[in-house]
Every structure is written in structure tokens, then in C-alpha cells.
Amino acid sequence: MLTLEQVKAKSAKRLDGLHPVVAAATVALIERCYARGVNIVITQGLRRRKRI
């Protein structure tokens, strides 16, 4: 089983660039899910539109 730090590390790269409030809420979600036995990994954090 992964530790909480390992689970958070898997998502950390995708949290870069997010608004600090959103990033903090995401980390809180990861921690709450982990406490209930559910390991979640964030797969997409910030999407930027391509300019035409």
C-alpha cells in the first residue's frame, strides 16, 4: 500500500500552476480520500487554450 506522501507525490506535478486555493483544496481532497482508504491521483491540472 502506498503512503499518503507517495499518493500526493504522484499528483504534485499536475498541481503546478493551479491557483493556490484550488491546489490546497485538491490536496485536502487527496488526504480525505486516503483517510477513507481510497487512493486518488490527479491526472490533469492546468489546461491552456491554444491561440489560433
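The structure is a predicted model, in which local features need pLDDT of at least 70, side-chain atom pairs count only at pLDDT 80 or more, and totals for chains, interfaces and linings use all residues. Residues are numbered from 1 along each chain as its sequence is written, and side-chain values use heavy atoms, leaving out hydrogens and water.

**Overall form**

- The C-alpha atoms fill a box of roughly 45 × 20 × 15 Å along the principal axes.
- Of the 52 residues, 19% count as buried, where buried means under 20% relative accessible area, exposed over 50%, and partly exposed in between (1.4 Å probe, protein chains only).

**Helix α1**

- The twelve residues of α1 should span 16 Å at 1.5 Å a residue, and the end C-alpha atoms are 16 Å apart, which agrees. The expected span is 1.5 Å times one less than the number of residues.
- V7, K8, S11 and L15 are the buried residues of α1. They cover an arc of only 90° around the axis, which puts them on the same side of α1; the arc is that of the directions from the helix axis to the C-beta atoms.
- The face turned away from this buried side carries the exposed residues E5, A9 and K13.
- G17, with a positive phi near 90°, follows α1.

**Helix α2**

- Helix α2 (residues 20-35) reaches 23 Å from its first C-alpha to its last, close to the expected 22 Å.
- A23, T26, I30 and C33 are buried in α2.
- The exposed residues P20, V21, R32 and A35 lie on the face turned away from the buried side of α2.

**Packing and core**

- The buried residues of α1 pack against α2, with contact meaning heavy atoms within 4.5 Å.
- The largest nonpolar core consists of V7, L15, L18, A23, I30 and I42. Such a core is a set of buried Ala, Val, Leu, Ile, Met, Phe, Trp, Tyr and Cys residues joined through side-chain atoms within 4.5 Å.
- Both α1 and α2 give two or more residues to this core.
- Not counting residues up to four places away in sequence, I30 touches L4, V7, K8, S11, I40 and I42.

Technical notes. Helix = DSSP H or I, 4+ residues; strand = E, 2+ residues; numbered from the N terminus.
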